[in-house]
Amino acid sequence: MKTLTVSVVTPDGPVMEDSFDMVSCKAESGELGILPGHIPMVAPLSIAAVRLKNGNETTPLAVNGGFMEVRPDKVTILAQSAEKPEDIDVQRAKEAKDRAERRLQAKQDNIDFQRAELALKRAMNRINVGQ
């Protein structure tokens with residue numbers, strides 16, 4: 001069976017490069033499923049988990065935005081940050097979630113609500129992938 005070479009790269013360097021049967025992710029336009037032989041495309045990614053499937057095994061990655069370039073035999077994800085489940089400090093992510101929720105509930109004039117909402121989304125994504 002054909003596979004896709006998947007490369008995940010952040011400003012800090014490569015996170016992973018391996019072969020997978022399928023890539024599922026959430027782009028800004030909706031959910032995408034990429035199989036070998038997919039037409040070339042580029043899509044902006046949302047803050048969400050990327051699921052890499054090999055047979056019956058699924059490997060999740062917490063990806064915080066970025067872009068995905070698809071070619072028939074290769075998928076490259078250029079992300080602002082990406083973490084494997086074993087690299088995620090779930091307790092720290094829960095603390096970040098609590099902080100972001102408190103900021104959003106405070107409704108003070110000096111709070112940047114868009115930044116707090118993004119922090120909340122990133123923390124929830126890390127918690128979901130890390131557990």
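## Close-up views of a predicted model

**View 1. Thr10 and its contacts.** Thr10 touches Val15, Ala79, Gln80, Ser81 and Ala82, leaving aside residues up to four places away in sequence. Contact here means heavy atoms within 4.5 Å. Thr10 sits in strand β1. Strands (E, at least two residues) and helices (H or I, at least four) are DSSP runs, numbered from the N terminus. Is Thr10 buried or exposed? Thr10 counts as buried, because its relative accessibility is 11%. Buried means under 20% relative accessible area, exposed means over 50%, and partly exposed lies in between (1.4 Å probe, protein chains only).

This is a predicted model, in which local features need pLDDT of at least 70, side-chain atom pairs count only at pLDDT 80 or more, and totals for chains, interfaces and linings use all residues. Residues are numbered from 1 along each chain as its sequence is written, and side-chain values use heavy atoms, with hydrogens and water left out.

**View 2. Ser7 in strand β1.** Ser7 also lies in β1. Ser7 is buried, with a relative accessible area of 8%. Which residues does Ser7 touch? They are Met16, Glu17, Lys74, Val75, Thr76 and Ile77, again not counting residues up to four places away in sequence. Leu61 is 54 residues from Ser7 along the chain, and their C-alpha atoms are separated by 12 Å.

**View 3. The largest nonpolar core.** A nonpolar core is a set of buried Ala, Val, Leu, Ile, Met, Phe, Trp, Tyr and Cys residues joined through side-chain atoms within 4.5 Å. The largest one has 23 residues. Met68, Val75 and Ile77 have the most contacts inside it. Two or more residues come from each of β1 (4–10), β2 (13–20), β3 (22–27), β4 (30–34), β5 (41–54), β6 (57–71) and β7 (74–79). A second, separate core has 5 residues, including Ala49, Ala62, Ile88 and Val90. In soluble globular proteins, nonpolar side chains tend to be buried together.

**View 4. Ile77 and its contacts.** Ile77 touches Ser7, Val8, Val9, Leu45, Val50, Val63, Phe67 and Met68, not counting residues up to four places away in sequence.

View 5. Helix α1 (residues 90–106) has 17 residues. The helix reaches 24 Å from its first C-alpha to its last, close to the 24 Å expected. That expected span is 1.5 Å times one less than the number of residues. Which residues of α1 are buried? They are Val90, Ala93, Ala100 and Leu104. Seen down the axis of α1, these buried residues fall within an arc of 80°, so they line one face. The arc is that of the directions from the helix axis to the C-beta atoms. Helix α2 is among what covers them. On the other side of α1, Arg92, Arg102 and Gln105 are exposed.

**View 6. Confidence along the chain.** pLDDT is the predictor's confidence in each residue, from 0 to 100. The protein chain averages 89, and 97% of the residues score at least 70. Which element has the lowest mean pLDDT? Helix α2 (residues 113–130) does, at 83, while β7 has the highest, at 96.
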